[in-house]
Amino acid sequence: MANWLDNAIFYEIYPQSFQDSNGDGIGDFKGIMRRLPYIKELGCNAIWMNPCFVSPFYDAGYDVTDFYQAAPRYGTNAELKELFDEVHRLDMHMILDLVAGHTSLESPWFKASCQPVQNEFTNRFVWTNKTMEQTGEISGVYGWLRGLCDRDGAVAVNCFSTQPALNYGFGEVTKPWQFAADSPEAEQGRLLLQDVMAFWLDMGCDGFRVDMAASLVKADPGHRWTKRLWQNVRQFLDTQYPQAVLISEWGNPKEALEAGFHMDFLLHSGPTHYMDLFREDPYFSRDGRADAHDFVQAYEDYYGLTKGKGLCCIPSGNHDMKRMRYTLDEEEMKLAFVFLLTMPGCPFVYYGDELGMRYLEGLVSKEGGYDRTGSRTPMQWDNTLNAGFSAAPKKNLYLPLDPDPKRPTAASQQRDPHSLYHTVQTLAALRYGHPALQSNGGIVFCADGRDGAPLVYERRQGEECLSVILNPKSHACAFPLAQTPGETLFYYCYGAEGGALSWNDGTLHVPACCAAICRS
């Protein structure tokens, strides 16, 4: 089931900012379709597209009005189906971003639930019985809205106040207005969710990345009932759509895979130490003092608990965090991508990270982006009008472009054989050519960068064993190794001293700012 994940490399598209085809300043489906050959040539064979449904866009589409209709700014349902078809024609896959836990305030479902007269949507959202009732703190509830309508009650919200929470029940029922997680009312929420999934899967979608996947059942210690809900969804998909993929925004791979997801991300929040790698005092900075010990320890714990149950995935970044280029330069990013494209699970490349696109500081918030806005700027394709993103007047662009005249573009990097783009492309091809480097290959860490050692790990699949050796620091290092590392399949070094790996009398010497992949 979902065996296409075995060698998948994902490319995340923020549709507003990827490619505008009609000159209105906002990216769209036809623009994405035009750029599919670029994504495939880069080496990505799967796409995650951020929300594309009808929305007032208070939160960039994560506040959905109609789950069955594409947002007109991007195109029609027919055009989205055409995009799915073209993705499949190119032997690629595409997943949609599914906001399972809430809608927008403008949703017809929510408006119906606001009515004081009982109807089929009365219990589809989390409402108290009295508008002024004091609720106290409830896990999974971010706040309450009161006085919106004639219905007597307050409605729970997820994250922003424009996102009323759908009702999947409560793990611990302490109030008369709370429905148990196994109640018929909560069950109706799951069935509605499955109907939305079936609609898009029938149209050609290959699965879903689920927003805030752990938040559905409220007051749910250990996410017991939330996991049970997703296990039921997974059973439905396995029966009806066995190749459909479920990817969670959970941030705890053990829980997410127990819940039935095929994979979970290591996120910028939570205990995974993901931020140690590329962002907060990043390990991959040549001048930083950090090692990878805490990350390796956390990763090994998760890997041991989840082996055989699904995938732990590491993204280059996403729409919710500052770009990798904010803390790393392009040379440092090359070594970071060696790591990303040689780890288990499916790698995720955030659009433009393959070019080293920059995070733009000081932008006015757009559609709930706030400090995330600087990571959502238009894709930089070439040096033509608006970097090839749009033919609209500059003032009509979804967000401003990087104003630096030396900003990286896809065209310039494709011309430069030594560019970050070509490094990513080379590594993707290497991954496809070696099962040991793919999603399900095993991993054993040999060194975690402490005490002057490199980061070293072995990837195994069947009889194939490859060693990955990384020293992102500005000083050479050494590592005890019983025998020579073997044939070098990939080598890159930008350190001032240069040089190659060398092995003498049981010690591997690794130059500064160096990465190697060797056949053991």
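Where is Ser419 found? In this predicted model, in which local features need pLDDT of at least 70, side-chain atom pairs count only at pLDDT 80 or more, and totals for chains, interfaces and linings use all residues, Ser419 is found in the loop between α10 (410-415) and α11 (420-433). Residues are numbered from 1 along each chain as its sequence is written, and side-chain values use heavy atoms, with hydrogens and water left out. Helices (H or I, at least four residues) and strands (E, at least two) are DSSP runs, numbered from the N terminus.

Ser419 counts as buried because its relative accessibility is 4%, where buried means under 20% relative accessible area (1.4 Å probe, protein chains only). Not counting residues up to four places away in sequence, Ser419 touches Lys334 and Gln413, a contact meaning heavy atoms within 4.5 Å.

Two pockets are described next. A pocket is an open set of points on a 1 Å grid over the protein atoms alone, where a 1.4 Å probe fits, with protein on both sides within 12 Å along at least five of seven lines, and lining residues have an atom within 4 Å of a point. A volume is the space filled by probe spheres set on the points.

| Largest pocket | about 650 Å³ | 31 residues |

Closest to the centre of the largest pocket are Tyr142, Asp211, Met212, Ser215 and Glu249.

Terms used:
Buried means under 20% relative accessible area, exposed over 50%, partly exposed in between (1.4 Å probe, protein chains only).
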